[in-house]
Amino acid sequence: MTNRRIPDHYLDGYAEILTGVSATGRRLTREEIESRRTLGEQAADAGHGLRDLVSAHLVAARLAWPRASGSTDIALAAVEQAIDAFAEGYERAQRLAVRQEEAARREFIDDLLYGRSDLGRLAERAERFGLRLSHAHAVAVAQGPAAYDEGDHVPRQVERALMARFGDRSILLTTKDGRLLCVAPGHQDEVLAHFAKQVYAATDGCRVAVGRPQPGAGGIVQSYEEALNALDLAERLGLEGPVLRAADLLVYPVLTRDRQAMADLVLDTLGPLTTARGGAEPLLGTLTTYFDSGCVAAEAARRLTLSVRALTYRLERIHKLTGADPADPAHRYMLQTAVIGARLLDWPAQEL
């Protein structure tokens with residue numbers, strides 16, 4: 001053994017190569033270089049550190065030096081060439097291992113988020129990535145102005161921030177379809193809150209949706225889908241705020257569960273607005289802003305850059321066309337539900 005931690009067979013033929021090269025002044029042959037690369041790959045696969053391997057080569061070179069009868073420059077050139085070939089093989093094996101690990105991680109994430117694998121096998125694989133599928137988990141999904149991949153700056157920055165604060169927690173950070181995802185134990189809401197804060201800071205305005213904690217492997221899929229649905233709802237309804245929680249938006253899936261019933265409500269309640277000059281959209285926008293302003297006419301007029309008198313005229317026009325008075329509590333719920341339905345169904349841009 002030339003080094004206590006490095007077996008001799010990773011140096012097979014090395015001393016003989018140095019002796020032969022030093023005596024003749026030749027460079028290493030193609031076969032000798034390839035043999036060094038092969039040994040480097042084997043050493044990497046066995047888990048030996050490159051620093052210890054290089055040290056072992058230098059020790060072996062020093063031990064072989066008295067038998068070298070050529071010039072020092074030739075011997076050093078041979079040492080350099082041999083170690084370089086060995087390190088090339090080592091790095092090649094490392095790159096292959098990283099690619100295989102990335103492929104395994106990506107396959108696991110795809111199976112986890114789509115529920116396509118046997119649950120028992122999935123649970124075994126999950127432990128390798130720090131998840132215990134017997135526990136409840138919640139998923140946060142961040143969507144920004146750009147698409148994100150695993151190796152991008154933003155995911156790395158967010159991961160460093162999470163690991164610095166929650167290094168001992170069971171957290172999985174990854175990307176999917178250009179979005180950044182964080183899977184965390186369901187009872188550790190502070191993890192997802194910190195994730196949202198870090199993503200927002202790193203992306204200059206990213207929006208994060210958080211699904212509800214759900215038990216088991218299927219629960220991760222459900223929480224992930226809830227977060228995606230929350231992002232979709234925010235886009236269609238123009239919801240504000242950097243963080244959306246699926247638990248706060250449960251009323252919207254209820255409203256759209258029966259699409260035909262919602263379409264009927266929209267057409268029956270708001271359909272008459274299409275006969276107005278300029279179509280339904282200006283008056284529908286007025287209703288949307290009026291309800292978003294808490295039915296406060298002055299605030300709605302300010303947001304629409306109208307006078308209160310002009311806003312009142314529009315509300316009266318809506319009352320005349322639909323028969324429903326936005327200022328009347330008895331009519332307000334029906335109108336507001338129809339307005340939400342119109343936004344969810346993208347009416348009147350889409351025919352119902």
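**Exercise 1. In which loop is Asp177 found?**

The model is predicted: local features need pLDDT of at least 70, side-chain atom pairs count only at pLDDT 80 or more, and totals for chains, interfaces and linings use all residues. Residues are numbered from 1 along each chain as its sequence is written, and side-chain values use heavy atoms, with hydrogens and water left out.

Step 1. Helices (H or I, at least four residues) and strands (E, at least two) are DSSP runs, numbered from the N terminus.

Step 2. Asp177 sits in the loop between β2 (172–176) and β3 (179–185).

Step 3. Asp177 is not a glycine, yet its phi is positive, about 55°. Most residues other than glycine have a negative phi, and most peptide bonds are trans.

Step 4. Buried means under 20% relative accessible area, exposed over 50%, and partly exposed in between (1.4 Å probe, protein chains only). Asp177 counts as exposed because its relative accessibility is 54%.

**Exercise 2. Describe the overall build of the chain.**

Step 1. There are 14 helices and six strands in the chain.

Step 2. The C-alpha trace spans about 110 × 40 × 35 Å along its principal axes.

Step 3. The radius of gyration is taken over C-alpha atoms, and the globule rule is 2.2 Å times the number of residues to the power 0.38. For 352 residues a compact globule would have a value near 20 Å, but the chain has 33 Å.

Step 4. Of the 352 residues, 43% are buried.

Step 5. A contact means heavy atoms within 4.5 Å. Among contacts between residues at least 6 apart in sequence, 69% join residues at least 24 apart.

**Exercise 3. Find the nonpolar cores.**

Step 1. A nonpolar core is a set of buried Ala, Val, Leu, Ile, Met, Phe, Trp, Tyr and Cys residues joined through side-chain atoms within 4.5 Å. In soluble globular proteins, nonpolar side chains tend to be buried together.

Step 2. The largest core has 57 residues, and Phe108, Tyr252 and Leu270 have the most contacts inside it. Helix α8 (residues 216–237) gives the most to this core, with nine residues.

Step 3. Apart from this core lies another, of 25 residues, including Ala60, Ala61, Ile83 and Tyr90.

Step 4. Ala60 and Ala61 are also among the buried residues of α3, as are Leu53 and Val59. Helix α3 (residues 50–64) has 15 residues and reaches 21 Å from its first C-alpha to its last, close to the 21 Å expected. The expected span is 1.5 Å times one less than the number of residues.

**Exercise 4. Follow helix α14 and the segment after it.**

Step 1. Helix α14 (residues 329–344) has 16 residues and should span 22 Å at 1.5 Å a residue; its end C-alpha atoms are 23 Å apart, which agrees.

Step 2. At the start of α14, a side-chain oxygen of Asp328 comes to within 2.9 Å of the backbone nitrogen of Ala330.

Step 3. Buried residues of α14 include Leu335, Val339, Ile340 and Leu344. Their cover includes α8, α9 (251–256), α10 (259–270) and α11 (281–292).

Step 4. Just after α14, Asp346 has a positive phi of about 60°. Asp346 is partly exposed, with a relative accessible area of 39%.

Step 5. In the segment after α14 is also the place of Pro348. A cis peptide bond joins Trp347 and Pro348, with omega about 10°.

**Exercise 5. How many aromatic pairs does a search of the whole structure find?**

Step 1. Rings of Phe, Tyr and Trp (its six-membered ring) pair if their centres lie within 6.5 Å; planes under 30 degrees apart count as stacked, over 60 as edge-to-face and the rest as tilted.

Step 2. The search finds one pair. Tyr290 and Phe291 form this tilted pair, at 5.8 Å centre to centre and 55° between the planes.

Step 3. Tyr290 is buried at 5% relative accessibility, and Phe291 is buried at 8%.

Note on methods: A polar contact is a pair of N or O atoms within 3.5 Å; within protein, one must be able to donate a hydrogen and the other to accept it, and residues adjacent in sequence count only if both atoms are side-chain atoms.
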